[in-house]
Amino acid sequence: MNNQSPAAETLPYLSSAVLDRLAISTPDIVDEIERQISGQRRGEVWCAPKAAVWPGDDRYFMATLGVASVPPVLATKSLVVNPRNAARGLATINSLITLLDAETGLPLALVDGNWVTAKRTAGLSAVAARRMARADSSSVAFIGCGVQARGHLEAFADLFPLREIRAFGRGKSNRDALCEMARSRGLEAIACDTAREAVEDADIVVTTVTLVPEPEPFLDANWLKPGNFTAITDLALPWLPETMHRFDRIVVDDLEQEKKMPKPMVDAALVAGDLTGLVCGDFAGRESAGEATAFVFRGMAVGDLAVAALAYMRAQAAGVVGA
């Protein structure tokens, strides 16, 4: 780690182009997230609950804070969601991660938060999927086809023997781009006209519906087939609450974080536990081939911390940033 503060003009910035060149694999990301989650249980990693501000004008602000012992890094992420950015030719979501030395507090680097957010969100889903999805899952349905869907497609195609995807979303261009991405990986891709058409008979379902403006519930868990695993990144807002009992097991990302939120994502009585408990073996993610399981999450600081710190360490090893 650095032992002196770099001048502001020399503080490294790890852009998405630089991060892509590091070629960090999905298993590497998932393993590191799991390692840092286990570190929380051992008292070696500390994270604050996700903070969010909704000003009431369609924007959404969010921040995460996490600290690790190995490597000794403090990561903070600041994120802005603004649907009006589309008219400006900008991404709807933009964010930045700041890394500090956890011992001295000196700055280490700035990291592209959009890249980390995409990788860690899919990575968190993949951590759950390792334990909750059937190992022979061959089809994935995507409800929402933007950046998060593409990240999940990349991660799940690396971890499961996929043959087919089905895509449903409000934006035709995003849907077509997701289908083209799937075809480039040798998968069959079906653009669906309805959500039900997409999710019926899918082994895995991923919902990444945009939260601004807040969606009206339109997804029915009763459409899901036995044995399905569903990754729900959108607070379960698109799901009809009265149908969530269809799942045999629901896991959330962080029970303590959930207690501090003004509105629960799902009825607490339906929740079997959180991702830390799942990773540490407190309970089984799946007990039979026919169970329908779900991972519902807001986003965890430990995910941002793990991915950003891993990227920084790989950049150091590659000589992209100084030791």
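Domain bounds are those of an automatic or database domain assignment. On this basis the protein chain is divided into domain 1 (11-114 + 300-316) and domain 2 (133-298). The model is predicted, so local features need pLDDT of at least 70 and side-chain atom pairs count only at pLDDT 80 or more, while totals for chains, interfaces and linings use all residues. Residues are numbered from 1 along each chain as its sequence is written, and side-chain values use heavy atoms, with hydrogens and water left out.

The centres of domain 1 and domain 2, taken over C-alpha atoms, are separated by 22 Å. Contact (heavy atoms within 4.5 Å) involves 15 residues of domain 1 and 17 residues of domain 2. About 1,500 Å² is buried between the two domains, 68% of it contributed by carbon and sulfur atoms; buried area here is the accessible area (1.4 Å probe) that two parts lose on being put together, summed over both.

Between the domains, 1 salt bridge is counted, a salt bridge being a side-chain nitrogen of Lys or Arg within 4 Å of a carboxyl oxygen of Asp or Glu. Aspartate 282 and arginine 41 form a salt bridge whose closest N and O atoms are 2.8 Å apart. Helix H2 (residues 26-41) supplies the largest share, 8 residues, of the side of domain 1 that touches domain 2; helices (H or I, at least four residues) and strands (E, at least two) are DSSP runs, numbered from the N terminus. That side of domain 1 comprises 8 nonpolar, 3 polar and 4 charged residues, where Ala, Val, Leu, Ile, Met, Phe, Trp, Tyr, Cys and Pro count as nonpolar, Asp, Glu, Lys and Arg as charged, and the others, Gly among them, as polar.

The total by the salt-bridge rule is 23. One of these joins lysine 77 and aspartate 304, with the closest N and O atoms 3.1 Å apart. This pair links distant parts of the chain, 227 residues apart, with lysine 77 in strand E5 (residues 73-81) and aspartate 304 in helix H9 (residues 301-317). Both lysine 77 and aspartate 304 are buried, where buried means under 20% relative accessible area, exposed over 50%, and partly exposed in between (1.4 Å probe, protein chains only).

Glutamate 44 and arginine 42 also form a salt bridge, at 3.1 Å between the closest N and O atoms. Glutamate 44 is partly exposed at 33% relative accessibility, as is arginine 42 at 48%. Arginine 134 and aspartate 136 meet in a salt bridge of 3.0 Å, N to O.
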